[in-house]
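Biologist: Could you take me through this structure? I would like to discuss the sheet and then a few individual residues.

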Amino acid sequence: MMECKESGLPAGEGHLKQTASGTNFVRYELGDLTVIALRDGHVDMPPGRLRQPGDRPFGADLPAQVTLVGGNLRLSVNAFLVIDHGEHVLIDTGAANAWLPTMGLLPDALAEAGVARESIGTVAVTHTHADHVHGLVAADGSDAFPNLRRLLVPQEEVVMFDEYERLSRFRRVRLPFADGFKVSDSITTVAAHGHEAGHTAFEVSGGGGTLLIWGDLVHVPSIQFDRPELTWEFDADQDRARSTRQRMLERVARPGVSVAGAHLDFPGVGLVERAGQAYRFLPL
Ligand SMILES: [Zn+2]
């Protein structure tokens with residue numbers, strides 16, 4: 001049997017296998033689960049949002065490895081659909097038309113992937129920032145997921161969620177969750193607090209491997225794997241975001257574990273490996 005060089009596992013075991021792709025989606029298999037990376041778009045942010053310890057913004061001292069587009073950091077905005085034996089669980093929703101016109105592709109991405117929006121019964125959000133929740137409402141004002149039965153929101157952020165008047169209609173299906181909550185047979189929540197009070201990752205287990213869908217653990221992949229101590233201006237608790245990132249990177253840098261990030265370059269899926277004291281991201 002062939003061995004996978006990095007992991008020592010038999011080839012393919014515990015790994016995501018890409019089975020289809022298009023402009024706005026990439027489909028994978030993880031054992032008998034299906035995972036689809038969905039492009040909502042991107043958001044451009046000034047590089048000063050990246051913070052050095054002590055909450056100091058970078059200026060002229062911005063390291064050359066940080067890639068800029070027109071002088072800005074370009075963050076992909078991704079969401080992920082997990083199909084667990086027929087149960088469709090969407091993790092994060094993109095921003096629809098509620099923030100910038102560079103986002104809102106999610107409904108197109110689903111259509112391109114051949115997934116009917118009506119099939120999605122559960123939406124779970126990593127946290128309640130705009131680019132993760134506003135896609136609940138389609139650009140025309142209708143429900144983006146007309147058969148939504150459960151909207152899973154971190155319990156620490158229910159109050160924040162309820163402040164969005166635009167999303168008030170979803171309070172009837174909103175279900176607060178805590179660390180270790182089983183979303184489905186194969187998906188469990190993993191508290192990753194720091195970027196926001198209830199920021200959460202979702203661990204998907206299948207085929208002898210796991211995929212950690214980690215939300216906003218990394219905003220700037222060109223440098224935060226190499227220097228995980230760097231934070232993001234919008235991290236609600238910078239120190240906690242830093243220690244959570246270091247802890248989670250250590251957790252995933254091992255055989256049979258893949259990661260998926262909301263702001264890693266689309267499709268945002270890959271492996272993490274140790275590189276001395278730091279880490280390296282290997283996109284799939
Ligand atoms: Zn985000």
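Predicted model: local features only at pLDDT ≥ 70, side-chain atom pairs only at ≥ 80, totals over all residues.

Biologist: In what order do the eight strands of the open sheet lie?

Modeller: The order is S1-S2-S3-S6-S7-S8-S9-S10, with mixed pairing. Strands are DSSP runs of E, at least two residues long, and helices are runs of H or I of at least four, both numbered from the N terminus. Two strands pair if DSSP finds at least two bridges between them.

Biologist: Which are the edge strands?

Modeller: Strand S1 (17-21) and strand S10 (174-177) are the edge strands, and each pairs on one side only. From one strand to the next, the twist averages 25 degrees; axes here are lines fitted to C-alpha atoms, for helices over the stretch in contact, and angles run from 0 to 180 degrees between N-to-C directions.

Biologist: And how many bridges join S8 to S9?

Modeller: Three bridges join strand S8 (residues 120-124) to strand S9 (residues 150-154), and the two run parallel. Ala124 has Leu152 in S9 as its bridge partner.

Biologist: Changing topic, which residues does a cis peptide bond join?

Modeller: Phe266 and Pro267, with omega about 5 degrees. Pro267 lies in the loop between strand S16 (257-260) and strand S17 (269-275). For context, most peptide bonds are trans, and most residues other than glycine have a negative phi.

Biologist: What is the phi of Asp92, then?

Modeller: Asp92 is not a glycine, yet its phi is positive, about 70 degrees. Asp92 sits in the loop between strand S7 (87-91) and helix H1 (106-112). Ala96 also has a positive phi, of about 50 degrees, and is placed in the loop between S7 and H1.

Biologist: Why does Asp92 count as buried?

Modeller: Because Asp92 has 28 C-beta neighbours inside 10 Å. A residue is buried if 20 or more other C-beta atoms lie within 10 Å of its own, exposed if 12 or fewer, and partly exposed in between, with C-beta atoms placed from the backbone. Ala96 is buried because 25 other C-beta atoms lie within 10 Å.

Biologist: Last one: where is Thr200, and what does it touch?

Modeller: Thr200 is in strand S13 (residues 200-206). Not counting residues up to four places away in sequence, Thr200 touches several residues, including Thr126, His127, Pro154 and Gly215; contact requires C-beta atoms, placed from the backbone, within 7 Å.

How values were computed: Residues numbered from 1 in each chain as written. Contact = placed C-beta atoms within 7 Å.
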